[in-house]
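Here is a short report on a protein structure.

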Amino acid sequence: MIAIINYGLGNLASIKNMCKRLAIEAQITDDPEIISKASKLILPGVGHFEKGMENLKASGLQPLLNELVKNKKKLILGICLGAQLMTKHSEEGDVGGLGWVDATTVRFDQSKINGLKIPHMGWSEIHLTQKNQLWLDLPHEPRFYFVHTYHFLFENKEEISATSTYSYDFACAFQKENIFGTQFHPEKSHKFGMKVLENFNKL
Amino acid sequence: MRRIRIIPVLLLSKGGLYKTIKFKNGKYVGDPINAVKIFNEKEADELLLLDYKASVENRPPDYIRIKEIAEEAFMPMAYGGGIKNADDAKKVFDCGFEKIVLNSILFQNISLIEQIANIYGAQSVVGCIDVKKNLFGKYHVYSHSGTKNTGKDPLKWAKEIELKGVGEIILNSIDNDGTWNGYLFDLIKDISHKIDVPMIACGGAGSEEDFKKAVLAGASAVAAGSMFVFQKKEMGVLISFPSSLKITT
C-alpha cells in the first residue's frame with residue numbers, strides 16, 4: 001500500500017484517482033501508524049515552500065518521515081512542492097527543507113528566461129539524463145505537466161534523473177537511493193504520468 | 001520550443017454539457033464524464049469546466065457531480081461557477097481540481113483571490129473576465145453569465161485582479177462565443193502585454209489558425225468550446241480533440 005501523506009497541502013485526490021485507475025492500493029493519510037506500515041510513500045504538495053515546511057512540522061510527521069526515509073530507507077516519491085521540500089533550502093521563504101538530497105530550491109532566474117512568464121505552467125518534454133527505474137517503458141517523447149516558480153538546483157549532478165527546458169535547462173527529477181522526486185505532476189500527465197506511478201509502484 | 005496549452009472548455013449545467021452562442025441558447029452536447037474520457041484518450045492539455053449558470057441562478061457548485069467528473073480527468077482541470085468563499089474553493093480542490101475560476105463573486109469580494117491564493121498558491125486561482133463591446137466600440141466587463149454590465153474596463157480590471165494575486169487570467173469574449181469567428185485579438189494584445197500573469201484566450205476560436213494568432217497577439221494559452229464539441233460550424237455534436245494538435249513557440 002502506498003501512503004499519500006496528507007499535511008494539508010496539495011491535490012491529493014488527483015494522485016489517489018490515478019492510483020485507483022492503475023489498481024494501485026493507496027491511501028491519503030496523516031496517521032503515523034499507516035505511514036509506518038505503508039510499503040511506499042508519496043509526498044505531494046502544491047503551494048508555498050515555507051507553508052509546506054510549517055505544515056509538515058505542525059503535523060508532527062517530520063521526525064517519523066526522517067526515520068522512515070533516512071534510516072529505514074523506505075521508498076518515497078516527492079511530487080512538485082513535496083519534492084522541493086526534500087532539498088536543503090528554498091529561496092521561497094528563505095527556509096530550510098528536509099535536506100534529504102544534495103540540492104536547494106531556487107527561483108527561475110528572471111535574467112535568463114527571456115521574458116517568459118512565471119510560473120512555468122504547462123506541458124514540457126523531459127530529457128532523461130540517466131537510466132532510472134521510474135523511466136522504464138516511458139512512451140516516446142515523454143511530456144509532463146508542470147506548474148512551478150522555483151526549481152531544484154543540484155550540487156551533485158549524479159542525482160539528477162531528468163531535465164526540462166524553460167528558456168534554460170533545469171533539473172526536473174531526481175533519485176538518491178530510495179528517494180525519488182519530480183517537479184512535474186505525474187498524476188496529471190496522462191499515460192506518461194501513469195507509467196511513472198506504475199513504475200514507482202513496482203519498485 | 002514551448003508547447004502552448006490548448007484547453008477545451010466544457011459548459012456544465014444540471015449535470016450535462018452544453019454549448020452556447022454569445023452566452024445564450026445552451027445546446028445540449030452530451031455527458032461530461034464521457035467527454036472527459038475522450039479528452040483523456042486524446043491527451044488534451046488541460047480542461048476547463050464551467051458551471052456557467054451557477055452564479056446567475058445563485059447555485060453553489062454541484063460537488064457530487066464535479067467530483068465524479070474530476071475522478072476521470074488525468075490532466076489538469078479547472079472548475080468555475082458558483083464559488084463564493086474560501087470554503088467553497090476548498091471543497092472544489094478536494095474534489096480533485098487543480099485550479100478554481102473566479103468571476104462574478106469578485107465584484108462583491110475581490111479579496112477572495114488573496115484568501116485562496118494564500119493557501120493554495122496563486123497558480124491555482126484563475127480570474128475570468130467576460131467582455132462585451134458596446135455600440136461605441138468600447139469593451140466592458142460583464143458578470144453573471146454576461147447578464148450584468150459591471151461598467152469596468154477590461155484592462156483596469158485585469159490589473160486589479162492581478163494585483164490581488166490571480167495566477168492566470170481568462171479573457172473571454174461574449175460577442176464571439178460560439179461564433180467560430182476568432183478571438184478578440186486586439187484586446188488580447190492590449191492586455192496581455194500589460195500584465196505579468198499568463199493570459200488564456202477564450203471565446204470565438206474556429207480554427208488552429210486562431211490559436212496561432214492569439215499566441216502571436218500575446219496569449220499564453222488558448223481555450224475553445226465549439227471546436228471541440230461540434231464537427232464544424234453549424235454541424236452536429238462531435239466531442240473530440242485532434243491528437244496531432246500542437247502549437248509551439
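In α1(A), the buried residues pack against β1 (2-5), β2, β3 (40-43) and α6 (190-202) of chain A. This is a predicted model: local features need pLDDT of at least 70, side-chain atom pairs count only at pLDDT 80 or more, and totals for chains, interfaces and linings use all residues. Residues are numbered from 1 along each chain as its sequence is written, while chains are lettered from A and ligands numbered from 1 in the order in which they are written.

Helices (H or I, at least four residues) and strands (E, at least two) are DSSP runs, numbered from the N terminus. A residue is buried if 20 or more other C-beta atoms lie within 10 Å of its own, exposed if 12 or fewer, and partly exposed in between, with C-beta atoms placed from the backbone. Seven of the ten residues of α1(A) are buried, so this helix is largely enclosed by the rest of the structure. They are Leu12(A), Ser14(A), Ile15(A), Lys16(A), Asn17(A), Met18(A) and Cys19(A).

**Backbone exceptions**

Most residues other than glycine have a negative phi, and most peptide bonds are trans. Just after α1(A), Ala23(A) takes a positive phi of about 55 degrees. Ala23(A) sits in the loop between α1 (12-21) and β2 (26-29) of chain A. It counts as exposed, with 8 C-beta neighbours inside 10 Å.

Glu43(B) also has a positive phi, of about 60 degrees, although it is not a glycine. Its loop runs between α1 (32-41) and β4 (47-51) of chain B. Glu43(B) has 17 other C-beta atoms within 10 Å and is partly exposed.

In chain A, the peptide bond from Ile118(A) to Pro119(A) is cis, with omega near 10 degrees. Pro119(A) lies in the loop between β7 (103-107) and β8 (120-128).

**Core and interface**

A nonpolar core is a set of buried Ala, Val, Leu, Ile, Met, Phe, Trp, Tyr and Cys residues joined through C-beta atoms within 7 Å. The largest one has 147 residues, and Ile100(B), Leu171(B) and Val222(B) have the most contacts inside it. Strand β1 (residues 5-13) of chain B gives the most to this core, with six residues.

Two residues are in contact if their C-beta atoms, placed from the backbone, lie within 7 Å. Not counting residues up to four places away in sequence, Ile100(B) touches several residues, including Ala78(B), Tyr79(B), Ile116(B) and Val126(B).

How many residues of chain B are in contact with chain A? There are 23, and they meet 20 residues of chain A. The chain B side divides into eight nonpolar, seven polar and eight charged residues. Here Ala, Val, Leu, Ile, Met, Phe, Trp, Tyr, Cys and Pro count as nonpolar, Asp, Glu, Lys and Arg as charged, and the others, Gly among them, as polar.

**Helix pairs in chain B**

Axes are lines fitted to C-alpha atoms, for helices over the stretch in contact, and angles run from 0 to 180 degrees between N-to-C directions.

| Helices | Angle | Axis distance |
|---|---|---|
| α6(B) (185-192) and α7(B) (208-217) | about 30 degrees | 8 Å |
| α3(B) (86-94) and α4(B) (112-120) | roughly 40 degrees | within 10 Å |

Angles under 35 degrees count as roughly parallel, over 145 as roughly antiparallel, 65 to 115 as roughly perpendicular and the rest as oblique. So α6(B) and α7(B) are roughly parallel, whereas α3(B) is oblique to α4(B).

Phe185(B), Ile188(B), Lys189(B) and Ser192(B) in α6(B) meet Lys213(B), Ala214(B) and Ala217(B) in α7(B). Ala86(B), Ala89(B) and Phe93(B) in α3(B) meet Leu112(B), Gln115(B), Ile116(B) and Tyr120(B) in α4(B). This second contact has six nonpolar, one polar and no charged residues.
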